[in-house]
Amino acid sequence: MLTVALVDRIGSGLWASVSVLYFTYVSSLSVAEVGTLVAVAGAIGIAGAPLGGRIADRFPLTRVLITVQLLRAVASLALLATHDYALLLAFSAVGSLGDRSSSVLTRLYAARVAGADRVRYQAVHRTVANAGWALGGLAAAAAIAVGTTTAYQWLLIGDALSFVASALLTLRCGEPPSPCRTVITSKDPAPPTERVNPWRDRTYLAYVATETLLSLHDAVFKVGLSLWIAHASNVPHGLVPLLLVLNNVMVVALQVPLARFGTTTAAARALLKPLSAAFALGGVTLALAATGATLTATLLLTASAVAFTVAEMLHATVSWELSLALAPDTAQGAYLGVHGLAQSAQRSVGPLAVTAAIATGPAGWIAFGAGIALTCLIQHRLVRERLARKPLSVPPVTVSEH
């Protein structure tokens with residue numbers, strides 16, 4: 001499954017880096033059309049997380065994951081077959097649905113297989129995935145340098161082939177045990193079935209809402225830093241890719257070592273306090289960078305990138321453990337699917353939040369960091385009572401075997 005993650009992310013790195021350029025130069029879409037396509041496809045893709053999690057609670061996980069990977073491959077190849085805007089939008093939406101579903105399904109697989117080592121497994125998985133993104137991005141950069149239609153098309157083909165390869169590799173993975181599916185014979189009495197509904201779990205929904213804000217570190221690197229530097233007169237624009245490289249290198253090198261501080265549910269909850277400090281520090285250093293000379297501003301921006309990267313790694317560990325600890329064993333897929341909405345919502349809210357911080361000036365970045373830091377402390381208190389109680393328990397879903 002780690003090999004699947006590497007292959008999948010290499011393909012995603014190939015396409016994510018050039019998707020806007022492909023739609024602009026190959027499909028000849030306007031800026032407004034590209035923006036609308038990406039926004040609408042992303043909005044539709046939000047449904048992929050809860051949908052994938054719900055299905056995985058009812059069917060064998062590996063089969064569902066293989067189906068989703070093949071669906072992503074078909075959606076990618078279909079983009080090559082047309083330049084019609086409506087079809088491009090439809091195929092992009094299907095690919096977005098598959099992308100969000102596969103993210104939840106791979107997390108669920110790890111939860112069922114890794115057991116007590118799930119935090120370390122997720123850290124290794126995230127390290128491998130980041131390495132895959134980097135490799136895919138380097139290949140995409142080489143293709144952009146060529147700049148031909150054929151080069152862009154081959155990147156899209158490479159993306160599709162990565163999903164096919166991921167599906168074939170998943171065939172080699174054993175089906176993990178699932179607490180929500182037990183096999184009985186036709187002679188056995190069927191136990192009563194009752195499902196826990198995450199949409200009626202107020203504590204979990206409140207937790208997911210706080211997760212949306214804690215995921216804003218993603219928007220800082222994808223939008224905030226580059227947009228801030230692009231409009232700054234005291235910082236060289238070449239600093240943008242260097243900070244992104246720094247972020248990637250730190251995650252690959254430090255995600256696994258940091259995960260050892262969150263190997264239990266109590267330890268993961270305790271990490272919310274240093275996570276709060278990391279967000280606050282990131283906001284303050286970004287604010288100070290706006291007022292310094294070139295060298296000072298560069299150093300402060302680098303310090304901010306380090307702080308937000310540390311926040312990203314700590315949050316990955318905390319989020320992974322708490323999202324599972326707060327979910328009943330018999331409905332992990334459904335709960336993780338709802339949790340996946342936090343990242344999807346962040347993709348819409350994040351760019352607006354960092355843009356507002358930039359427009360407000362130094363005070364905006366201080367408020368940005370302080371707001372997320374406060375949310376960390378709110379989440380720390382929110383989950384306390386739930387984690388102190390026994391986990392929810394319901395009778396398992398029955399799968400008859402004749």
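Helices (H or I, at least four residues) and strands (E, at least two) are taken as DSSP runs and numbered from the N terminus. The structure described here is a predicted model, in which local features need pLDDT of at least 70, side-chain atom pairs count only at pLDDT 80 or more, and totals for chains, interfaces and linings use all residues. Residues are numbered from 1 along each chain as its sequence is written, and side-chain values use heavy atoms, with hydrogens and water left out.

A search of the whole structure returned one cavity of 30 Å³ or more. A cavity is a set of points, on a 1 Å grid over the protein atoms alone, where a 1.4 Å probe fits but cannot get out, and its lining residues have an atom within 4 Å of a point. Grid points are joined across faces, edges and corners, and the volume is the space filled by probe spheres set on the points. For the largest cavity this volume is about 40 Å³. Its lining is made up of Val119, Gln122, Ala123, Arg126, Gln255, Ala316, Thr317 and Trp320. By type, the lining residues comprise four nonpolar, three polar and one charged (Ala, Val, Leu, Ile, Met, Phe, Trp, Tyr, Cys and Pro count as nonpolar, Asp, Glu, Lys and Arg as charged, and the others, Gly among them, as polar).

Turning to charged pairs, the structure holds seven salt bridges, each defined as a side-chain nitrogen of Lys or Arg within 4 Å of a carboxyl oxygen of Asp or Glu. One of them joins Glu312 to Arg126, with the closest N and O atoms 2.6 Å apart. Glu312 lies in H14 and Arg126 in H7, so this pair ties together parts that are 186 residues apart in sequence. Both residues, Glu312 and Arg126, are buried, a term that means under 20% relative accessible area, with exposed over 50% and partly exposed in between (1.4 Å probe, protein chains only).

A further salt bridge links Asp8 and Arg72, whose closest N and O atoms are 2.8 Å apart. Here Asp8 belongs to helix H1 (residues 2–16) and Arg72 to helix H5 (residues 61–80), 64 residues apart. Asp8 is buried at a relative accessible area of 7%, and Arg72 is buried at 2%.

Note on methods. 1 Å grid on protein atoms, 1.4 Å probe; cavity = no way out; pocket = protein on both sides within 12 Å on 5 of 7 lines; lining within 4 Å.
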